[in-house]
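This report walks through a few local features of one structure. Look at the sequence and the model first, then read on.

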Amino acid sequence: MKKIFLLIAIVFSLTSNAQVTHVSLKASGLTCSMCSNSINKALKTLDFILTIEADISTYTFELCFKSNSVVDFDLIKKKVENAGFTVAGFVATVLFDNVQVLNSQAVTIDGKTFLFTGVKEQTLNGARKIKVLDKGFVSPKEYKKSAFPVLATHTYTVTL
């Protein structure tokens, strides 16, 4: 019980000032421009998305978000899946403001808890990209190679 309380205390004490500004999403299963259009239409229904740019040759979607909006990674993934496709890569650009990160340390950013892995102790400032490594956010092969235990619901395992 003490360990759980300590973990919760650490997570809440590491709440940081940062905002997700952009996501580069790679989709799997696309074969044509109609597939891309299907994902594009699904993503446009999300009220926190400002713009979407699709590149059919690389199967990527560049999502920019409205300022001061709460970005829901799981909802983005769900929209892609509901369109009949899967997410094979998910890299978020986060605007950090003096955020201290440690390897295997949870940090709350923009209402989401991130577990940083494979990083050295550092303070993040400015725009930095983080790659989500969780199941459903990378290809099954990449997930299997880097599978991490899930700490809690809505905790994302990420790397810089």
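## Helix α2

In α2, the buried residues are Cys35, Ser36, Ile39, Asn40, Ala42 and Leu43. Viewed down the helix axis, these buried residues fall within an arc of 165°, so they line one face of α2. The model is a predicted one. An α-helix has 3.6 residues a turn, so residues three or four places apart point the same way.

What do the buried residues of α2 pack against? Their partners are β2 (18–28), β3, β4 and α3. The face turned away from the buried side carries exposed residues: Ser33, Met34, Lys41 and Lys44. The helix covers residues 33–44, which is 12 residues. From first C-alpha to last, α2 reaches 16 Å, close to the 16 Å expected at 1.5 Å a residue.

Isoleucine 49 stands opposite phenylalanine 65 in β4.

Together β3 and β4 form a hairpin, with four residues between them. Tyrosine 59 sits in the turn. Its phi is positive, at about 60°.

## Two salt bridges

How many salt bridges does the structure hold? There are two. One joins lysine 77 to glutamate 81, with the closest N and O atoms 3.4 Å apart. Both residues belong to helix α3 (residues 73–82). They are four residues apart, so about one helical turn separates them. Lysine 77 has 16% relative accessibility, so this residue counts as buried. Glutamate 81, at 36%, counts as partly exposed.

The other salt bridge brings together the side chains of glutamate 142 and lysine 131, at 2.6 Å from N to O. Glutamate 142 lies in helix α4 (residues 140–145), while lysine 131 lies in strand β8 (residues 122–132), so the pair ties together parts that are 11 residues apart in sequence. Glutamate 142 is partly exposed, at 22% relative accessibility. Lysine 131 is also partly exposed, with a relative accessible area of 27%.

Threonine 113 is found in strand β7, which covers residues 112–116. Is this residue buried or exposed? Threonine 113 counts as buried, because its relative accessibility is 16% and the cut-off for buried is under 20%.

Along the chain, threonine 113 and tyrosine 156 are 43 residues apart.

Definitions and conventions. Residues numbered from 1 in each chain as written. Predicted model: local features only at pLDDT ≥ 70, side-chain atom pairs only at ≥ 80, totals over all residues. Heavy atoms only, no water. Pairing = 2+ DSSP bridges. Helix = DSSP H or I, 4+ residues; strand = E, 2+ residues; numbered from the N terminus. Salt bridge = Lys/Arg side-chain N within 4 Å of Asp/Glu carboxyl O. Buried < 20%, exposed > 50% of the residue type's maximum accessible area, 1.4 Å probe, protein only. Expected span 1.5 Å × (residues − 1). Arc of directions from axis to C-beta. Contact = heavy atoms within 4.5 Å.
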